[in-house]
Amino acid sequence: MKWSKTLIATALAMACVSVYADITVGVTVSATGPAASLGIPEKNTIELMPKLIGGQKVNYIVLDDASDTTTAVTNTRKLITEHKVDVILGSTITPNSLAMIDLAAESQTPMISMAASARIVEPVDAKKRWVFKTPQNDIMMALAIAQHMSAVGVKSVAFIGFADAYGEGWLQEFQKAAGLKGIQVVGVERYNRTDTSVTGQVLKLVSARPDAILVAGSGTPAALPQKALKERGYTGKVYQTHGVANNDFLRVGGKDVEDTVLPAGPMLVAAQLPANHPVRKSALDYVNAYETKFGKGSVSTFGGHAWDAGVLMQRAVSEALKKAQPGTPAFRGALRDALEGVKNAPGAHGIFNMTAGDHNGLDQRGRVMVTISNGTWKYIGD
Amino acid sequence: MSARWAVRLFAVLLIAGYLALPDFHVSLASNIGLYALVALGLVMMTGVAGMTSFGQAAFVGLGAYATAWLGTAGAQALGLTALHPALPWLGLLLGCFITAAVAGVLGAVTLRLSGHFLPLGTIAWGLSLYFLFGNLEMLGGHTGMSGVPALRIGPWTIESPRAMGGLIWVLVMALIWALTNLLDSRPGRAIRALKSGRIMAESMGVDTTHARLKVFVLAALLAALSGWLYAHLQRFINPTPFSLTIGIEYLFMAVVGGAGHLWGAVLGAALITVMKQQLQDVLPQLLGVSGSFEGVVFGLLMLLVLQRYAEGVWPTIQRLTARARPAPQKRAPQSVQENTKEKMQATTPVNTSGNTSGNTSGNTSGNTSGNTSGNTSGNTPVNTPDHVSPVILKKFLIARTLAAPGTIVLEAQGITKRFGGLVANQDIHLAVRAGEIHALIGPNGAGKSTFFNLVSGVDEPSAGTVRLAAQAMHQQPARAFAALGLCRTFQHVRLLRERSVLENVALGAHLRGEAGWLRAMLRLDRNEEAAIMAEAQFQIHRCGLTAWTHTDAGALPLGAQRIVEIARALAAAPSVLLLDEPAAGLRHQEKRQLADLLKQLRAEGLAILVVEHDMEFVMNLADRVSVLDFGQMIAQGTPKEIQQHPAVLQAYLGGVA
Amino acid sequence: MDAQIALLLAQDGIVNGAIYALLALSLVLVFSVTRVIFVPQGELVAFGALTLAALQLGKFPPTIWLALAMGVLAIGVDLRRALNGDQISWRNTLLWSTLLPISACAWATFARPTSLPAQVALTLLICTPLGPLLWRLAFRPIADASVLVLLIVSVALHGVLMGLGLWFFGAEGSRTPAFSDARFTFADLPFNGQSLVVVGVASVLMLLMFFFFGRTMLGKALRATAMNRTGARLMGIPTGLAGDLSFAMAALIGAVSGLLIAPLTTVYYDTGFLIGLKGFVAAILGALVSYPLAVAGALLVGLLEAYASFWASAFKEVIVFTLIIPVLWWRSVRTHHVEEDE
C-alpha cells in the first residue's frame with residue numbers, strides 16, 4: 001500500500017516535471033507558397049537549434065503557413081491553445097506577422113518575427129510589447145544604399161520592386177532615405193515574382209535616364225530586372241537589397257549581376273570580415289552549422305534571421321528559467337521581459353541590444369556593404 | 001419524448017458543448033463556419049444550378065475589404081468617424097452592394113454562355129481582383145490593413161473569438177434554413193431545373209439566364225458575408241486569403257461535401273479544414289521528413305474523392321444511414337420495370353372521368369371560363385389530395401382562358417430552317433386549331449424534331465413566321481411561348497432524374513405561381529405551394545402515375561417518363577400541347593390509355609400537335625395529319641386522305657411501289 | 001513612348017505571345033478531344049525547364065522518378081481493368097508507362113548526356129509520357145463525367161503537380177543557357193538570338209500541328225474524335241488512343257515551351273501556372289475550339305501584357321486577366337438562344 005502510494009506520487013511528480021519543465025517553442029514559417037524560398041531555409045535552421053537550454057528540454061513544433069495569413073493565424077492559435085507554447089517564432093513574411101500580433105498579445109505569448117517590415121515592432125505599444133523581430137529594419141538598409149549612392153555621386157535613381165509586401169515596404173523606406181540624402185527618385189515600377197518578362201518596366205525606367213537603379217526583390221527573381229537591364233544596354237549602377245542574399249541568386253544571375261552593390265547582413269560575407277569584426281565569429285558559427293548539415297553553399301541569409309530568433313530565444317529562456325516554470329503565464333512574462341533586456345547578443349546578422357522602445361535591437365554592425373565580383377559576394381566595407 | 005423536444009435538447013447540448021470547447025477548436029469551428037457560408041453559395045451554384053466558380057474567394061475579399069476600409073481609412077475619408085459603432089454594419093451594406101454590382105456585371109457577361117466559360121472566367125477575374133487588392137494603396141496594398149473595428153450589436157461588442165464563432169454559426173444555420181425553404185419552392189424548382197438542361201427549363205417558362213444570374217449573385221453575397229465576418233474576426237486583412245488558391249479550395253469543399261446538398265457544404269468545409277490540420281500534424285511523423293507534402297497529399301485525396309465519390313461524402317453517408325434504417329416509403333416501387341403495366345391499369349382514372357366530366361365541361365365551358373384544372377378537379381374532388389379545395393387552387397394559381405374550338409392557335413407560315421448547307425425544313429405551312437389533335441408524321445430525319453423546336457421557340461427559323469395565339473413570335477425565347485400557353489414534351493426525355501415525379505410535374509406549373517425568392521426563403525409562399533402541389537398531384541393522378549408520385553423520375557421506365565413529361569406539361573394549364581413521340585416505349589394497353597387522355601384533353605378545348613411513329617395510334621386519334629419528308633411538307637389532310645395519298649405511300653414505301 | 005520603345009515592346013510581346021500560343025493550341029487540342037480543360041499544362045512547362053536545368057547541373061532529374069512511379073500505377077490500373085474484362089491495348093500501355101520512362105531513366109543513368117541537344121532530347125523523352133500517364137491515372141477513369149467535374153479534377157491535379165514541383169526542385173528558380181547567344185541590330189532594333197529561336201520554334205510547331213491535323217490520317221482521326229466521340233468510336237477510332245495522343249502532345253508542347261522560356265527568364269516550380277493561365281485567356285479568345293483564333297488571342301495577350309507592363313506595371317495582371325470579360329461579353333451578345341450544356 002505504502003509502496004504503491006509512493007509509486008503513484010513519484011509518477012505524478014515525474015509527469016508534472018515532464019509536462020511543465022519542457023520548454024515549448026512554436027514555429028510558423030512559410031515553407032510553401034510564394035515565400036517558400038525564404039521559409040525553407042528558416043525551417044531548416046530550426047533543426048539546428050539547441051535541444052536543451054539551461055538543462056531543460058526544448059520541444060519545437062514547426063508548422064507551415066503556406067504564405068497565407070489565415071493559415072498563419074490558425075497556426076498561431078493552435079500553437080498557443082493546443083501546444084501551450086512559451087514563445088512563437090515566425091512568421092516569414094510581413095502580412096502574416098502583422099496578423100499574428102493580436103493573438104500573441106491576447107494570450108501574452110512573446111513572438112519573434114523573421115519578417116522585414118518595421119511596422120511589425122514599431123511603435124512599441126500595449127500589443128507590440130509582446131513582439132520582437134530579427135531582420136534589419138528596411139530603413140537601416142535603405143539608408144546604407146542611399147549613403148553609398150551619394151558617396152559615388154548618384155543624383156537620380158529609379159526603383160523596380162516586387163508587387164508584394166516586400167517591394168512595398170522597400171519603396172516607402174527608400175523614398176525616405178533618398179529624400180534624406182537629396183537623391184531624386186525618377187521612376188517607380190513593379191513586377192511579379194513569377195513574371196517571365198520585365199521588358200516594359202525596364203524600358204520605362206531606362207527612358208527616365210537615372211544614374212542608378214535599385215531592384216527590390218527577394219531571392220532569384222530579383223535577377224530578372226537586372227538581366228533585362230543588361231539586355232537593354234543600361235550602363236548605370238545597379239543596387240539590390242538584402243533580400244537577394246543567397247547563392248542561388250549568383251547561380252541564376254551569372255555574369256549579368258557582376259558589380260551589383262547591396263547592403264546585407266554580415267553573415268553573407270562572414271569569412272571575409274576582418275578578424276576583429278564583432279559579428280564575424282557568431283556569423284561563421286551559423287554558416288558552419290548550416291552547411292555541415294545541408295551542404296556547402298546552401299546557406300542563405302533568410303535562415304540567418306531564424307537563427308537570430310533562436311539566439312534571442314536562448315538568451316531569454318535561460319534568464320526566464322530563473323524566475324518561473326515553463327508552461328506558465330509567469331514564464332512567458334519573464335521571457336518577454338528577458339527578451340526586452342537582451343544585451344550584446346551576437347547573432348548571424350549582428351549584435352542585438354533590445355530596449356523597451358526598440359524590439360529589433362540591431363545597429364550599424366548589423367549590416368555590411370557587399371558587391372558581386374567574379375561570381376561571389378565581396379565585402380567592401382560597413 | 002417528442003421529436004421537437006429532442007431537437008431542443010440537442011440544441012441546448014450543442015450550445016453547452018460549444019461553450020465548453022477548447023479555444024483552438026472554437027477558432028477551427030469559426031473557420032469552418034466561414035468556409036461553409038462560401039461553400040453554401042457554391043452548392044447552390046454547382047450542385048443545384050449546374051454552374052461553377054473558382055473565384056468565390058475574390059467575393060469574400062470584396063466583403064472583407066469593404067468593411068475594413070470603411071472601418072478604418074474610409075471612415076476618415078468620408079467623415080463618418082462619428083458613426084463609429086455602426087461602421088461595420090455600413091461596411092456590410094457597402095460590401096453587399098459592391099459584390100452584387102460586380103457579380104451582376106460578371107454574371108451578365110458570362111452566364112448566357114455554355115457551362116465552362118463561367119468557371120474559366122472566374123479564374124481570370126478572381127486573379128485580377130486579387131492583384132487589384134494588392135495594388136491599391138488605400139486598401140493597404142500587399143502588406144495589409146490592421147485595426148479593423150470590432151463588431152457591435154447594440155450595447156454588446158462581439159470581440160472574443162468565441163462570441164464571433166457563435167454569431168457565425170447562427171448565421172450559417174439561419175441561411176441553411178432559408179436556402180432549404182428556397183429549394184423547396186417554386187423558384188427552387190426553377191433553380192434545380194437549370195442543371196439538367198436549360199432548354200427544358202426555358203420551355204417551362206423559366207428565364208434561365210435571369211435565374212442563373214440570381215443564383216450567382218446569391219452565391220457572391222454569401223461569400224461577401226463570409227468576408228465581412230472574416231474581417232471582423234481577424235481584424236487584419238491582406239490579399240492572400242482571397243487568392244485563387246483559396247478560391248479553388250472553396251470549390252473543393254463544396255464538391256467533397258456533396259455539391260448537391262446544403263449540408264454537404266458544412267460537411268465539406270469541416271472535412272477539409274480538419275483534414276488539413278490533421279495532415280499538418282500527421283504527415284511529418286508519418287514520412288519522417290519535414291517536407292511540404294500537405295498540398296500533394298491534399299490534391300491526391302481530392303482526386304480520389306472525385307473518382308470514387310463523385311457526388312461527395314454527404315450523399316454517401318445518407319445512403320449508408322438509409323441502408324441501416326428500414327427503406328423509406330418513397331423508394332417502394334423497386335422493380336418498376338416489371339409491374340409497369342399493373343400500376344398503370346390499377347391507378348388510371350382516365351377512362352371514367354375523361355368520358356363523362358371532361359367531355360361536357362370541355363365543350364360547354366371551354367370557351368368561357370377555361371381553367372382546365374379548375375374545371376376537371378371540380379368534378380373529381382375525391383382524387384384531389386391534401387385536402388386542398390378547388391377554391392384554393394383557383395385563388396392561388398393563375399388560370400388561362402382557352403380559345404374557342406376551331407380557332408387557329410399555333411401557326412407556321414412558310415418557315416424554313418437551314419443548318420449550314422442543309423435545309424432541315426423548307427417553306428412549311430401548318431396550322432393547329434383548338435379542340436383538335438394534329439399529327440405530324442414522316443420518316444426518320446424528315447425534320448419533325450427541327451420543326452418542333454422552331455414552333456416551340458427552342459430554335460429560330462431561318463425564314464418564315466411562327467404565330468402563337470395570333471402573335472408573331474420573331475426572336476422570342478421558348479419561355480415566351482410557354483407564357484402564351486404552349487407547353488411541350490421532348491423526344492429525348494428531359495426530366496430531373498434525381499427529383500421525385502411530383503417535383504418534376506410541379507415544375508410545369510411554374511408560370512402559374514408568383515412566389516419569389518424572398519417569399520420562398522421566409523416560407524410565406526405556403527398557400528401557393530400547396531395549390532401547386534395539389535395541381536401536380538391531380539395531373540399525376542390523371543395520367544395514371546399516382547403510385548410513383550414520390551419516386552425519383554429517373555427510376556421510372558422510359559415510357560412512364562414520357563407520361564411524366566405530359567403530366568408536367570398539363571400542370572402548366574396549356575392551351576397548346578406539343579407532344580414529341582409520346583407513345584414510344586409504351587405497351588399496347590398504355591397506348592390506349594394515353595389516347596383516351598389525349599381525347600379528353602381535346603374535348604376540353606386544347607390544341608394538340610403530336611409527332612408519332614405509331615401509325616395505328618396516329619390514325620385512330622388525329623383529326624388532321626401532316627406528312628414531312630426531306631424537310632418538305634408532302635401532304636396534309638384527314639387520316640383517311642393521308643392513308644391514300646400517293647406521295648405519302650411513295651415516301652414510306654420508297655421505290656417499291 | 002517613342003517608336004523604338006514601342007517596337008521593343010512589340011518584340012517582347014510577340015516572344016511571350018508565341019509561348020502563350022503554343023499553350024493555347026494544346027489546351028484547345030486537349031479540350032476538344034477529351035473535354036478536359038488541362039490546367040496542369042503550366043506545371044508541365046515548369047517541369048520541362050527545371051528538368052533540363054537539373055540535367056545541366058549534372059543531377060538526376062526527379063521527374064524521371066515521377067514518370068516511373070506513374071508508369072507502375074498506370075500498369076496497375078490497366079491490370080485491374082483487364083481483370084474486370086475490359087479490352088486493354090497493352091501496346092500503348094507499355095509504350096507510355098514502361099518503354100519511354102525506362103529508356104529515359106537508362107539514358108540519364110548510363111549515358112549522362114552533356115551536349116545541349118542531347119539534354120533537350122532527354123528532357124522531352126522524360127516529360128512527354130507524363131501527359132498520357134496523367135490522362136490514364138486521373139482522367140480516363142471518369143472520362144464520361146461532365147466538363148465541370150473534369151475541370152475540378154484538373155485543378156486538383158494542378159495542386160498535386162505544383163506540390164511535387166516544390167519538392168523536386170526546391171523553391172529557388174533556375175535558368176538554362178540560351179540556344180543562341182547571337183545578338184544583332186536590324187533597322188535600329190536590337191534582336192537577340194533566343195527570342196528568334198522562340199518565335200521560330202513556336203511557328204514551326206504550329207505549322208506542324210496544322211499539317212498534322214489537316215493532312216495526316218492520325219490527325220484527322222483526332223479531329224473526328226473532337227467532333228463526335230461516339231461517332232469516332234463507331235468508326236473504329238478508340239477514344240483511349242485519342243486521349244493518349246492529345247495528352248502526349250500537350251505534355252510535349254508544354255515541355256518545349258518550358259525549354260524555350262527558361263533561357264529568357266528564371267523558371268520556378270510555380271511559374272507555369274500563370275503562364276498556363278495566360279494561355280487559357282488566349283484559348284478562351286478562340287472559344288476553346290478555334291486554333292487560328294487561339295493563336296491570334298495569344299499574340300494579343302502577349303502584346304497587351306508588354307504594353308501594360310510599360311504603362312502600368314502594378315496593374316499588368318489585372319489588365320491581362322480582365323481582357324477576358326469584354327471578350328466573353330462579345331460572345332454573349334452574339335448568342336440569342338440559350339446554349340445547352342453538356
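Questions and answers on domains, an interface, a sheet and a chain follow.

Trainee: How many residues of domain 2 of chain A are in contact with domain 1 of chain A?

Mentor: Keep in mind that this is a predicted model. Chain A is divided into domain 1 (5-136 + 285-364) and domain 2 (138-264). Their centres, taken over C-alpha atoms, are separated by 31 Å. At the contact, domain 1 of chain A gives 13 residues, and domain 2 of chain A gives 15 residues.

Trainee: How many charged residues are on the side of domain 1 of chain A that touches domain 2 of chain A?

Mentor: Start with the elements that give two or more residues to that side: α2 (36-46) and α4 (94-107) of chain A. By class, the side has 6 nonpolar and 7 polar residues. The number of charged residues is none: no charged residues.

Trainee: Which element gives the most to the side of chain B that touches chain A?

Mentor: Here 23 residues of chain B are in contact with 27 residues of chain A. On the chain B side, α2 (23-48), α5 (117-135) and α12 (294-308) each give two or more residues. With 4 residues, the element that gives the most is α2(B).

Trainee: Which are the edge strands of the open sheet in chain B?

Mentor: Read the order of the 6 strands: β10-β11-β12-β7-β13-β14, with mixed pairing. An edge strand here pairs on one side only. In chain B, these are β10 (486-488) and β14 (632-637).

Trainee: What is the bridge partner of B:L440 in β13(B)?

Mentor: Strands of a sheet pair through backbone hydrogen bonds, either parallel or antiparallel. In chain B, β7 (residues 436-441) and β13 (residues 624-629) pair in the parallel sense, over 4 bridges. The partner of B:L440 in β13(B) is B:S626.

Trainee: Why does chain C count as being as compact as a globular protein of its length?

Mentor: The secondary structure of chain C comes to 15 helices and 2 strands. The globule rule gives 20 Å for 342 residues, so chain C is as compact as a globular protein of that length, with a radius of gyration of 20 Å.

Trainee: What percentage of the residues of chain C count as buried?

Mentor: Take contacts in chain C with a separation of 6 or more: residues 24 or more positions apart account for 76% of them. The C-alpha trace spans about 70 × 60 × 35 Å along its principal axes. Of the 342 residues of chain C, the buried share is 54%.

Terms used
Residues numbered from 1 in each chain as written. Chains lettered and ligands numbered in written order. Predicted model: local features only at pLDDT ≥ 70, side-chain atom pairs only at ≥ 80, totals over all residues. Domains from an automatic or database assignment. Contact = placed C-beta atoms within 7 Å. Nonpolar A, V, L, I, M, F, W, Y, C, P; charged D, E, K, R; others polar. Pairing = 2+ DSSP bridges. Rg over C-alpha atoms; globule rule 2.2 N^0.38 Å. Buried ≥ 20, exposed ≤ 12 C-beta atoms within 10 Å, placed from the backbone.
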